[in-house]
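Here are my notes for you to read alongside the model. I have kept them as numbered points so that you can check each one in your viewer.

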Amino acid sequence: MKNRYHIIQIIPSDSGKTLSFKVNSILWKLFAILLIVIFVLGGFFIYKLSTINAIIVSSRQVQAQNELLQQKQSEYELFFSELDSISTMEKQIKNILGAFYENDSLKLASVIDKNRFDFQPSSKNRFTAELKGYSTDGKTQNWAKVPSIIPTIGIISKNFSLEENHPGIDISAKLNEPVFATAEGKVISVLKNKDRGLHIIIDHGNEYTTSYSHLEQTYVNKGKLVKKGEAIGTVGSSGKTTGPHIHYEILKNNEPIDPELFIEE
């Protein structure tokens, strides 16, 4: 069987010489198949390119949304932290006002008894690690020896700062407000000097000692065993002070520790 041919003619518009090409039918079919393959591959490539571009755009949108969510999360964390601080402050103000604006001594004592053990260590501070096995349920004997309550009803007017040579906290309070032992222990010193005024030091027998300065009067003597929450004196302004308050310190192995780590902020 003879090969069939296809003739392609190119006729110029100016009636010039006509060009003729004779193409074998097999080559013509191969050329047609090649064109089809090129069109198919081109279409597939364009489809894949558009899919990849859509994925890139979607990825950028997801990344932008993640950044926005992270920003919102940070804002929410700050907001809830502020709410927690406001709630704690509201509780302390209510406790303070309940004591400061109550003239009935029996009701005042009731307010103090009700609130003085409410100041438990915050779960957000380092005190959890500091306990090293002490129970936090307030019932075991070891816990009674840990200084974990606020020593008087008042407002913290100056914070702990070793840089400023202030190894404790100042609690401004009403004159003659009761001062309580913050843990069970033995009174090892009741002294009065120019700077600290009348002050008490208690050894709790577990590497901790606490001191209470600028007192108006004391209810204990050296050597007395005191219980946690027992009244040991009253708020005063003895020594170098500008008004009624107590200077309260906690030491472990004679090293000062921030007392606010041991009471709820």
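Predicted model: local features only at pLDDT ≥ 70, side-chain atom pairs only at ≥ 80, totals over all residues.

1. Setting aside residues up to four places away in sequence, Thr234 touches Asn176, Glu177, Val179, Leu215, Glu216, Gln217 and Tyr219. Thr234 sits in strand E10, which covers residues 231-235. Is Thr234 buried or exposed? With a relative accessible area of 2%, Thr234 is buried, because anything under 20% falls in that class.

2. One of the contacts of Thr234 is Asn176, and this residue deserves a look of its own. Asn176 has a positive phi of about 70°, although it is not a glycine. Asn176 is found in the loop between E4 and E5, and its relative accessible area of 39% makes Asn176 partly exposed.

3. Asn165 is exposed, at 68% relative accessible area.

4. Now to the overall picture. The protein has 265 residues, and 32% of them count as buried. Its secondary structure comes to 4 helices and 12 strands. If you take contacts between residues at least 6 apart in sequence, 58% of them join residues at least 24 apart. The protein exposes about 17,600 Å², with carbon and sulfur atoms supplying 57% of that area.

5. Which residues touch the most other members of the largest nonpolar core? They are Ile200, Ile202, Tyr212 and Ile232, out of 27 residues in that core. Strand E4 (169-172), strand E7 (197-203), strand E8 (208-218), E10 and E11 each give two or more residues to this core.

6. Ser238 lies in the loop between E10 and strand E11 (245-252). The side chain of Ser238 reaches the backbone nitrogen of Leu198 at 3.0 Å. Leaving aside neighbours within four places in sequence, Ser238 is in contact with Arg196, Gly197, Leu198, His214 and Leu215.

7. The charged pairs come next. Side chains of opposite charge can pair when their charged atoms come close. How many salt bridges does a search of the whole structure find? The search finds 4. Among them, Glu249 and Arg196 meet through their side chains at 2.7 Å, N to O. Glu249 is in strand E11 and Arg196 in the loop between E6 and E7, 53 residues apart. Glu249 is buried at 5% relative accessible area, whereas Arg196 is partly exposed at 28%.

8. Lys240 forms a salt bridge with Asp195, with the closest N and O atoms 3.7 Å apart. This pair links distant parts of the chain: Lys240 belongs to the loop between E10 and E11, Asp195 to the loop between E6 and E7, and 45 residues separate them. Lys240 is exposed, at 58% relative accessible area, while Asp195 is partly exposed, at 44%.

9. Lys145 and Glu184 also meet in a salt bridge, at 3.4 Å from N to O. Here Lys145 is in the loop between helix H4 (141-144) and strand E3 (155-158), and Glu184 is in the loop between strand E5 (178-180) and strand E6 (185-193), 39 residues apart. Lys145 is partly exposed at 22% relative accessibility, and Glu184 is partly exposed at 25%.

10. Finally, a surface feature. Ile26, Leu27, Leu30, Ile33, Val37 and Leu41 form a nonpolar patch on the surface. Together they have about 580 Å² of accessible area. One of them, Ile26, lies in helix H1, which covers residues 25-100.

Notes:
Residues numbered from 1 in each chain as written. Heavy atoms only, no water. Buried < 20%, exposed > 50% of the residue type's maximum accessible area, 1.4 Å probe, protein only. Contact = heavy atoms within 4.5 Å. Polar contact = N/O pair within 3.5 Å; in protein donor to acceptor, adjacent residues only side chain to side chain. Core = buried A, V, L, I, M, F, W, Y, C linked by side-chain atoms within 4.5 Å. Patch = residues over 30% accessible without salt bridge, like charges linked within 9 Å, V, L, I, M, F, W, Y side chains within 5 Å. Areas by Shrake-Rupley, 256 points an atom, 1.4 Å probe, with all protein chains shown as cover.
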